[in-house]
Structure formats: C-alpha cells, structure tokens
Amino acid sequence: MQPILSAIQNRRSIRKYQDAAVPQPLVEQVLRAGTLAPSSKNRQPWQFVVVSGQSKKEMLWAMQQGLRRERRLPLLPNSKQHLPGAEHTLEIMKQAPVTIFVVNPLGASLSAALTPEERIYEICNAQSVGAAIENMTLQAAELGLGSLWICDIFFAYQELCDWLQAGGQLIAALALGYAAETPPARPRKLWQDTVQWRG
C-alpha cells in the first residue's frame with residue numbers, strides 16, 4: 001500500500017488520551033504540515049493558537065461557560081440535540097494535553113451579510129482551512145499522536161473567541177496527544193457509490 005493511502009486509512013479520531021505531554025517539536029511538525037496545505041489563490045487563510053499548560057484551564061472554562069449559556073440562550077437553537085455531544089467533547093478536551101485552535105483571519109463574522117462573491121470567498125477559504133486541518137491530522141498519525149477534529153466549539157463560539165482574542169473567524173479546534181484507545185475504523189460509503197462518471 002502507498003504510504004499516503006496507508007496514513008489516510010489508519011488515521012482515527014481519538015477521544016481518549018494518555019496523561020503525557022507532547023514535546024513541542026512534534027507539535028511544530030503538525031503545525032508545519034498544516035501550513036503546507038493548498039489554499040485558494042494562495043491566501044493561506046489560517047492562524048493557529050496552541051493551548052496547553054495553564055492556558056488549558058482558561059480555555060476549558062471558556063468552553064464550559066459557552067455550553068452553559070447555550071442551554072439558556074442558544075446561538076444554535078436547532079442543534080440543541082447535539083449539546084450532550086458537545087459536553088462530551090469538553091471532557092475529551094480536558095484529557096488532551098494540547099488543543100490547537102484554527103482561525104481564519106480573513107473570515108467574516110457569523111452575522112455578516114455577504115454578497116455572493118464574499119460568500120464564495122468564505123467557501124474557498126473554508127476549503128483551504130479544511131485541507132490544512134486534514135494535513136495536521138495525518139501528520140499527527142505519522143508521528144504516533146492521536147487527534148480529534150472538533151467542531152463542537154461552535155456551541156461556545158463567542159466565549160472562545162473572546163478568550164482567544166485572535167481576530168478573524170474561529171473555524172475549528174484540534175485535540176492532540178498520545179492515544180489511550182485504538183478505535184476501529186468507522187463505516188464508510190464505498191467510493192464507487194459516491195462517484196458519477198461522465199465522459
């Protein structure tokens with residue numbers, strides 16, 4: 001099997017982590033992989049905020065406050081059925097020694113009224129950031145690290161943005177650490193069932 005395909009097939013979303021620090025050089029390799037991703041018009045619309053140590057407690061507090069607020073005054077009222085999953089994600093974030101927040105400094109605010117052209121820019125930049133995160137998850141797997149791509153941060157979007165003070169649009173978080181589990185592959189659609197051939 002080709003090495004890149006092997007990495008893709010063997011990568012897993014890790015939800016249990018060992019209580020062990022990740023050496024900074026390994027985190028740097030993961031970040032470098034992210035910055036090597038392709039991006040629309042070479043805009044490279046990403047910045048990374050690496051959270052560990054004492055800052056982790058502050059980040060977890062912001063996430064917790066957001067989840068509490070979401071129960072009273074929801075930003076995502078039609079997604080309330082996913083709140084228990086987001087609370088479980090908070091427990092995963094407590095375990096992971098490192099959380100990397102991914103911010104798009106070119107992104108519009110959630111409440112911005114966008115022209116069609118601006119909306120397309122947003123879509124293109126989101127694709128670019130997604131490529132960066134995928135690179136990071138694959139590099140983590142190659143280094144013997146586990147990772148979890150987290151979107152549940154949107155339930156605490158404002159609280160985390162206020163805490164991060166990074167500027168731009170918060171896109172995702174990536175939990176990083178040494179895996180304390182070996183989950184099986186999750187079911188996937190057959191690639192043949194997802195393709196239309198035209199020619």
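## Leu 160 and the largest core

Leu 160 touches Met 59, Ala 62, Met 63, Phe 101, Ile 153 and Leu 170, with residues up to four places away in sequence left out of the count. The model described here is predicted. Leu 160 belongs to the largest nonpolar core, which has 28 residues. Met 63, Phe 101, Ile 153, Leu 160 and Leu 170 are the members with the most contacts inside that core. At least two residues of this core come from each of helix 3 (53-72), helix 4 (83-95), strand 2 (98-104), strand 3, helix 6 (157-164) and strand 4 (169-177).

Another core, of 17 residues, lies apart from the largest one. Among its residues are Val 22, Met 136, Ala 140 and Ile 171. As a general point, nonpolar side chains in soluble globular proteins tend to be buried together.

## Helix 6

Five residues of helix 6 are buried: Tyr 157, Glu 159, Leu 160, Cys 161 and Leu 164. The elements covering the buried residues of helix 6 include strand 1 (47-51), helix 3, strand 2 and strand 4. After helix 6 comes Gln 165, with a positive phi near 50°.

## Strand pairing

Strand 2 pairs with strand 4 in the antiparallel sense over seven bridges. Within this pairing, Thr 99 stands opposite Ala 175 in strand 4, and Val 103 stands opposite Leu 170 in strand 4. Strand 1 and strand 2 also run antiparallel and are joined by five bridges. Here Val 49 stands opposite Phe 101 in strand 2.

Trp 149 has Leu 174 in strand 4 as its bridge partner.

Strand 2 is mostly covered, with seven of its seven residues buried. Both of its faces are covered.

The largest pocket has a volume of about 440 Å³. It is lined by 14 residues, of which Arg 11, Arg 12, Ala 185, Arg 186 and Arg 188 are the closest to its centre. By class, the lining of the largest pocket consists of seven charged, five nonpolar and two polar residues.

The second largest pocket holds about 150 Å³ of space. Of its 13 lining residues, Asn 10, Arg 11, Arg 12, Ile 14 and Ala 179 are the closest to its centre. Helix 5 (116-142) and strand 3 (146-150) each supply at least two residues of this lining. The lining of the second largest pocket divides into five nonpolar, five polar and three charged residues. Arg 11 and Arg 12 are listed among the residues closest to the centre for the largest pocket and for the second largest pocket.

Definitions and conventions: Residues numbered from 1 in each chain as written. Predicted model: local features only at pLDDT ≥ 70, side-chain atom pairs only at ≥ 80, totals over all residues. Heavy atoms only, no water. 1 Å grid on protein atoms, 1.4 Å probe; cavity = no way out; pocket = protein on both sides within 12 Å on 5 of 7 lines; lining within 4 Å. Points joined across faces, edges and corners; volume = space filled by probe spheres on them. Nonpolar A, V, L, I, M, F, W, Y, C, P; charged D, E, K, R; others polar. Helix = DSSP H or I, 4+ residues; strand = E, 2+ residues; numbered from the N terminus. Core = buried A, V, L, I, M, F, W, Y, C linked by side-chain atoms within 4.5 Å. Buried < 20%, exposed > 50% of the residue type's maximum accessible area, 1.4 Å probe, protein only. Contact = heavy atoms within 4.5 Å. Pairing = 2+ DSSP bridges.
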